[in-house]
Amino acid sequence: MVLESIPPFVPVLVAAAVAAVAPRKVGHAVGFLATVGVAVGSLLVASGTHLPMRLFGFETVLYQVDDFSRMMGVIFGLIGAAAVAYAHASEADGRMTAAALGYVGTSLGAVFAGDWLTLVFFWELMAVTSTLLVWHYGGRAVRTGFRYAMAHGIGGSLVLAAVVWQYAAEGSFLFGANGTAGVAGPVAPALMAVGIGVNVGFIGLHTWLPDTYPSPHVAASVFLCVYTTKTGVYAMFRAFPDGHLWIAYMGGAMAVFGAGMALLQEDMRRLLSYHIISQVGYMVAGVGIPTTLATAGAFGHVFNHILYKALLFMSIGVVIYRTGVEDITEVGGLWRVMPVTFVSYLLGAAAISGVPGFNGFVSKGIVIAEAHKSMSTFVIGSKSMPLGGEDLLWWLLIVGGVGTFMSFIKLGYYVFFHGPATIDPDDARVGQAVPMLVVGGLCLALGLLPGTLFEVLPNTATIVEKYTTYTVPHVVEGVVLGVAGFVGFFALKTPLSKATWIPDVDRLINPAFFYGGKALVVAVTETWAAVDRAVVAVASGATRAGADPGRFAYRAADRIPGVEADARANGGRPGTLDLRISMGTSVFLIVASLTAALVVLLVL
């Protein structure tokens with residue numbers, strides 16, 4: 001079958017090439033059809049499909065389908081189509097969409113890879129194409145794009161080092177080689193965790209994300225918010241399929257940190273970017289918890305987060321597109337003049353906050369429930385946390401949930417409600433409104449009919465058997481989080497508005513990298529220049545000495561202290577032999593000396 005022989009990244013990369021050279025409408029239409037085709041094809045292709053080949057002389061699997069890669073293909077294709085339609089309506093040019101489709105295609109190559117070598121190959125291409133997508137906008141996006149490229153270059157190098165170490169230990173790049181789950185040994189897992197941690201936004205490795213995503217075209221941000229971090233979550237599962245205690249706790253810390261930093265932001269897209277870190281924290285926590293239900297919840301949250309985060313970036317993107325304003329304090333009252341955008345924002349905000357009835361409530365609930373139920377045994381059995389630590393992850397996820405409600409109440413309040421509308425922008429264009437409302441409708445439908453979502457997720461039978469979405473405790477928990485978020489925001493609204501000066505670590509990291517890198521470059525170039533000058537001086541001196549040994553000897557003698565210049569005119573004193581000889585004599589003396597030395601060596 002065609003579906004089993006053509007990897008999903010192929011049609012998308014072909015569409016990227018077409019978009020780069022074809023008229024704008026044609027390029028976007030081809031991109032839309034290619035991404036829709038990927039979503040449908042991922043649903044239809046049979047599990048177990050694989051395409052073995054040799055890459056760089058090694059045994060690899062270019063295209064492998066299982067429940068995890070299938071789900072990633074469905075949502076990557078679906079949201080890619082919505083983002084292409086939105087980009088066309090937002091006046092993105094063909095080259096930007098070509099870069100975006102290249103980014104989508106390389107992400108698909110990574111999630112459908114059946115081995116580590118193929119995955120890291122597309123992983124690096126994904127960093128290149130996403131950097132081009134950022135750079136295309138120009139302006140401040142150029143500098144942030146360089147920082148983005150540097151971060152992912154470092155992360156990708158660590159992942160590659162882990163893959164090489166894995167090959168040295170197992171003798172194969174294939175997933176599950178020799179019956180080994182994930183990556184083997186003490187070194188490769190550490191390198192892999194940190195390298196992938198760059199992509200998913202581990203605390204301390206996260207600064208590229210809120211730095212980059214607010215800087216390019218609003219349509220570019222829709223693509224960027226989807227693929228890098230979620231591909232990272234997928235790779236984290238491949239590396240640690242049995243979970244890991246500290247990955248789970250890092251996820252919990254990300255949930256709190258991202259929500260807390262989002263509360264301090266006044267730039268709309270920067271606020272949304274910090275919430276990517278927070279929401280990815282729930283996914284990372286689900287990967288870290290060693291149960292099949294937690295894994296299913298993590299991938300359910302991947303699916304749902306892609307929908308509502310893209311929706312939020314599209315909605316806020318329309319506000320920026322229509323007003324030219326990115327600061328929440330410079331707009332207000334827009335719900336009256338932008339009702340379609342406001343409704344789209346409400347759908348996305350309710351979904352990400354975990355309001356019962358929306359898809360975020362379904363997947364976030366699974367992860368939180370498993371954190372409360374399963375971590376006790378995991379922690380006590382591992383003896384890695386003090387007594388009582390089994391509840392810590394659950395509390396982190398709960399606090400992150402309250403912070404999420406507060407953040408999106410803040411964003412919605414300042415943009416759509418606070419004060420009268422001081423400007424009168426047009427609402428979303430039809431081409432923007434349609435993908436927003438379709439994605440928002442999916443957020444609501446999958447929340448009301450969670451069984452539909454479960455059919456797409458891995459470990460479907462486990463979810464159906466062990467988890468019930470709408471129980472009284474689950475619903476009460478969601479309502480309590482919402483009330484706490486509402487009360488917390490309005491109680492802290494004034495202090496939060498005065499705390500926006502609180503910096504992230506990028507205030508230290510970015511100057512340190514800039515000036516440290518500058519100092520390193522200067523040190524290396526100056527050292528090289530000094531060595532170069534010394535080599536040139538020695539070579540020039542040798543050339544002059546060989547060309548005219550006598551002249552060289554006299555010049556050297558001129559530099560000897562205490563010897564008068566007129567006394568050197570005839571070799572140092574009157575009556576001595578003149579040191580000047582011809583080139584032929586010099587060559588003869590050298591050859592004779594070498595011949596004599598050779599004879600001595602042969603005799604001895």
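**A tour from His305 to the aromatic pairs**

Start by selecting His305, which sits in helix α12 (residues 292-323). Helices are DSSP runs of H or I with at least four residues, strands are runs of E with at least two, and both are numbered from the N terminus. The model is predicted: local features need pLDDT of at least 70, side-chain atom pairs count only at pLDDT 80 or more, and totals for chains, interfaces and linings use all residues. Residues are numbered from 1 along each chain as its sequence is written, and side-chain values use heavy atoms, leaving out hydrogens and water.

His305 has a relative accessible area of 0%, so the residue is buried (under 20%; exposed is over 50%, partly exposed in between; 1.4 Å probe, protein chains only). Now show its contacts (heavy atoms within 4.5 Å). Leaving aside residues up to four places away in sequence, His305 touches Cys225, Lys230, His275, Ile276, Gln279, Met283 and Ala310.

Next, select Lys364. Its C-alpha atom is 9.7 Å from that of His305, 59 residues apart along the chain. Lys364 also lies over the face of Tyr282, 5.0 Å from the ring centre (NZ of Lys or CZ of Arg within 6 Å of the ring centre and within 35 degrees of the ring normal).

Now the rings. The whole structure holds 31 aromatic pairs (Phe, Tyr or Trp six-membered ring centres within 6.5 Å; planes under 30 degrees apart are stacked, over 60 edge-to-face, the rest tilted). Select Phe58 and Phe173: their centres are 5.1 Å apart and their planes at 90°, so the pair is edge-to-face. Phe58 is partly exposed at 30%; Phe173 is buried at 6%.

Finish at the cluster that ring pairs form from Trp335, Phe342, Tyr345, Phe416 and Phe417.
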